[in-house]
There are 8 protein chains.
Amino acid sequence: MMHWNVYLAGEIHTNWREELKEAADREGLAVRFFSPVTDHAASDACGGHILGAEEQPFWHDRKGAGVNAIRTRPMIEKADVVVVKFGDKYRQWNAAYDAGMASALGKPLIIVHPEEYQHALKEIDAAACAVASEVSQVVEILRYVTRGELV
Amino acid sequence: MMHWNVYLAGEIHTNWREELKEAADREGLAVRFFSPVTDHAASDACGGHILGAEEQPFWHDRKGAGVNAIRTRPMIEKADVVVVKFGDKYRQWNAAYDAGMASALGKPLIIVHPEEYQHALKEIDAAACAVASEVSQVVEILRYVTRGELV
Amino acid sequence: MMHWNVYLAGEIHTNWREELKEAADREGLAVRFFSPVTDHAASDACGGHILGAEEQPFWHDRKGAGVNAIRTRPMIEKADVVVVKFGDKYRQWNAAYDAGMASALGKPLIIVHPEEYQHALKEIDAAACAVASEVSQVVEILRYVTRGELV
Amino acid sequence: MMHWNVYLAGEIHTNWREELKEAADREGLAVRFFSPVTDHAASDACGGHILGAEEQPFWHDRKGAGVNAIRTRPMIEKADVVVVKFGDKYRQWNAAYDAGMASALGKPLIIVHPEEYQHALKEIDAAACAVASEVSQVVEILRYVTRGELV
Amino acid sequence: MMHWNVYLAGEIHTNWREELKEAADREGLAVRFFSPVTDHAASDACGGHILGAEEQPFWHDRKGAGVNAIRTRPMIEKADVVVVKFGDKYRQWNAAYDAGMASALGKPLIIVHPEEYQHALKEIDAAACAVASEVSQVVEILRYVTRGELV
Amino acid sequence: MMHWNVYLAGEIHTNWREELKEAADREGLAVRFFSPVTDHAASDACGGHILGAEEQPFWHDRKGAGVNAIRTRPMIEKADVVVVKFGDKYRQWNAAYDAGMASALGKPLIIVHPEEYQHALKEIDAAACAVASEVSQVVEILRYVTRGELV
Amino acid sequence: MMHWNVYLAGEIHTNWREELKEAADREGLAVRFFSPVTDHAASDACGGHILGAEEQPFWHDRKGAGVNAIRTRPMIEKADVVVVKFGDKYRQWNAAYDAGMASALGKPLIIVHPEEYQHALKEIDAAACAVASEVSQVVEILRYVTRGELV
Amino acid sequence: MMHWNVYLAGEIHTNWREELKEAADREGLAVRFFSPVTDHAASDACGGHILGAEEQPFWHDRKGAGVNAIRTRPMIEKADVVVVKFGDKYRQWNAAYDAGMASALGKPLIIVHPEEYQHALKEIDAAACAVASEVSQVVEILRYVTRGELV
């Protein structure tokens, strides 16, 4: 049996990752989840906090983005599947950027988004193996993919 | 000692994979088998079932093929050896497609097919490390390859 | 302006390649077409003819397939776009194999096939950027892709 | 002397590409620009127009995105430099997606955006070789990069 | 949870690696450290000692560098993160060379150096995800990266 | 600590692999050895034995070489270090071929050969990290590389 | 039409390359040939001559092999097809090494050798697209591959 | 005949590139040279000049290094050969970094340095195809490599 590494990109202000992990645990799926740091405040602060404060927001953010990339880049490369969830807050360019990286690296993509974003996300959806609107569908996909079972 | 990942592509309406696994188990070979979902009905239904029904067969199948690719693409990439079996039913273009992917990824190929397909499969056979007509030959190859023993 | 290399795989017993080239010439598209050898008899005979006859069809075909691969493999690698046409004759496993190689190499795929093959080709269609039923649609795609013009 | 391929991704409702090309022409830079189809209507319509109408917007857009990818993917792969401009309209997830692909392919990135998007684009900016706010700065970068001259 | 491979390149005449390992152990971080041989005398002598003495220093060093590369090249390739520390002794071209290799292989880089080297190291710093001046900052980065926690 | 995969190519009519393994075991080195099948008769016979006899030696050998490649190719790809020993019997082109493959795949090479072959092996020696004349030197290299210790 | 780069490796003490080039010229084939330096004396002397004499043959040869690799490695990488000829003199390990490199790089191989070497070259022959015994067969292959014509 | 791209990295305060180009021109070598911007002042100023001044030297240099990388990274990737010259001024970590990148990308390296740096550069020299002490030797190598002639 194969163990699956699944990277969970995108939306960080809801608890969809926990929801997904709990469902996967309940089902006993052979899945290991990887995520970016989802503590929004820590994720924004990490660069300046560790490497020294910056007055200019641009360089403050550059430091933070650099530190976060140390975590996310190897995780995306180790992933067998990349899930990217687009929600209803913020501009979420980073989610789309992660989808682009994953796609260029040949990772199967599962995109999750509310239907209203359908047109705006058409290029990303077209590059995906599956487009879902609910996290529960991702659970079903992972069960099917890892076990070959439809419920 | 090395453990071998072997992906079993192709024919899904006979039990050749089980036959192969049982023989490998009996021999105690250091082999782990990967397979596509071989429940034909589930494999056809998975996209529509999980992601929502489609009226047009083309899009129904697109959804299903996408979901199945989430499983098969990482398995082919993790494989040390890819076995592709062509049988006597259906058009089996997917088997040939998997052989093409495996070949471009540099995976050693073992092709299994009845002799009557010899001419039609000549390009794929020519790209293979071994061309067998019986599953029992695949068992012998795997024993030799993993243990260095001829019986 | 970019010049485009387009590899034309698949069906070799109709004149769809000539049809496509003439249309591209008429339009003055910045396209260079690559093809396998489409003289079926020569393609079958080349190995034995050049490298010496074989009694067994299996080895006769192995020699021929090897010689043909010297031509097709570099052409697929140099292609910007790969078109694969499935027709109504023969088993066409080589067409599917070429699609698999092109896909693993990250080449955008255009698949052409009659509608009746829709289910049998679903995995290959799902990996394609475009699925057409007529060669004239491929001309339109190439005009749009190379010039940005819809007629 | 080297000739440079520069892919211009992102914003398609202003004439920044023409502005950039004219400036590069005026300077006589050894640069060849590649772009997605920037006729917004054609870009949205191409899939359904060539390959047949779809009732559901999701599949209409899937067809269009597929056809556009035939153009953009090889262009990004052939590019020596990728410029991505974020403007003040639309969600622009496709721009971010292209930046992700370019980054994973190891292409040097130049990002152009108004200052107000600084925080939202921090991960993409951090992956870039240069972050500009004006197209004229991109001209200056290209002159410097291709000629070694600062004005 | 993911386990992280961290390669520690650069300065070999201080005990910064031990300091870092002890801190990581104290924190219980899921990190495995890889290092070049840091016994300076052994590292210089290994080639001649094992493979036979050389009169000319150039060939003596060629043999030693070859033997050391057997260790360091696979370690850099297996690394998820590469830390390169520049100190105040020696020319340290090998540290910069390792940074170049790691960068071309797409590894996230953490550079550690005293502030006075800021200008001389600007290209390497610009390619890095993080630039630190103290080893304790590397510990903090590794804790944040592997656990998502800021202290 | 890292575990090392070491592929042992070349000479198969002496017991140098056993000698090396015993020494590595005695030292308790963190090394896992991979080898081609070294039973010369089995290695020659495997193709015809499993896949059916061939009258022509050329095709008999083609079958055998194909089956052996299923074993050796993945082993070379998984190797961290490749050792190639040239002895005093046979033409040993396969040893040189394996060295070429390993080199193109970026594997550190250790070449072992009697001094008299120095001129004939100059290109291969030049691509190697270490050139030894005795198997005992390979043991010393592996101890140094895996443990950092010179004796 | 495609132009073909053909690298001619192996035997350097006969004039097979000139013979091949003349035949290709006569036919007007769209082929560009690349070769190692075939002036045996210059090839042996180049390192010491340019970079300074060495007393030890091992280092003299190391220098020469290094300088020759500057020429041959990029040529093999640029080649669409690699021809390797084994003759009746010398050990020719370099020819086998080049075949291994070309194979790992995915280049189609044409091997030329007298029949008596069939068993000794079986692994290399098995990796080849074509095995010829005469240079005139290589001409025929190149005509067929580049023009699709059998004579 | 092949045309050669040669990237000239390292020392920028002497006129060794001009010397090399003139000699190559005189000989009529089929060589095209690529270089970083060698106007030291422009190279330092480019980032701040084009993208806006920075108060902190660290960020001033980050901007400059980013802009210079847009030029140098594609040039190194397009190079067939990379020459790196170490001189007697500055720390030259960037030269060593470029050597590391070129090496990881598989480019043949020619290193030029005064003999006194032999020990400090031993790892880089060991990764090189040729180590010269004079620019005139590089000319001789390029003549030999591109023409096969020793003078």
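I looked up the interface first: chain B and chain C bury about 3100 Å² between them, 62% of it on carbon and sulfur atoms. Buried area here is the accessible area (1.4 Å probe) that two parts lose on being put together, summed over both. I noted that B:Arg91, B:Trp93 and B:Tyr97 supply 24% of the area that chain B buries against chain C, more than any other three residues.

This is a predicted model: local features need pLDDT of at least 70, side-chain atom pairs count only at pLDDT 80 or more, and totals for chains, interfaces and linings use all residues. Residues are numbered from 1 along each chain as its sequence is written, chains are lettered from A in the order in which they are written, and side-chain values use heavy atoms, with hydrogens and water left out.

I then counted residues. Chain B puts 32 residues into the contact and chain C puts in 34 (heavy atoms within 4.5 Å).

Next, salt bridges (a side-chain nitrogen of Lys or Arg within 4 Å of a carboxyl oxygen of Asp or Glu). I found two across the interface of chain B and chain C. B:Asp44 and C:Lys122 form a salt bridge through their side chains, at 3.4 Å, N to O.

Last, I turned to chain F. Helices α1 (residues 16-27) and α6 (residues 135-147) of chain F have axes that come within 10 Å and cross at roughly 40°. Helices are DSSP runs (H or I, at least four residues), numbered from the N terminus. Axes are lines fitted to C-alpha atoms over the stretch in contact, and angles run from 0 to 180 degrees between N-to-C directions.

Conventions:
Helices (H or I, at least four residues) and strands (E, at least two) are DSSP runs, numbered from the N terminus.
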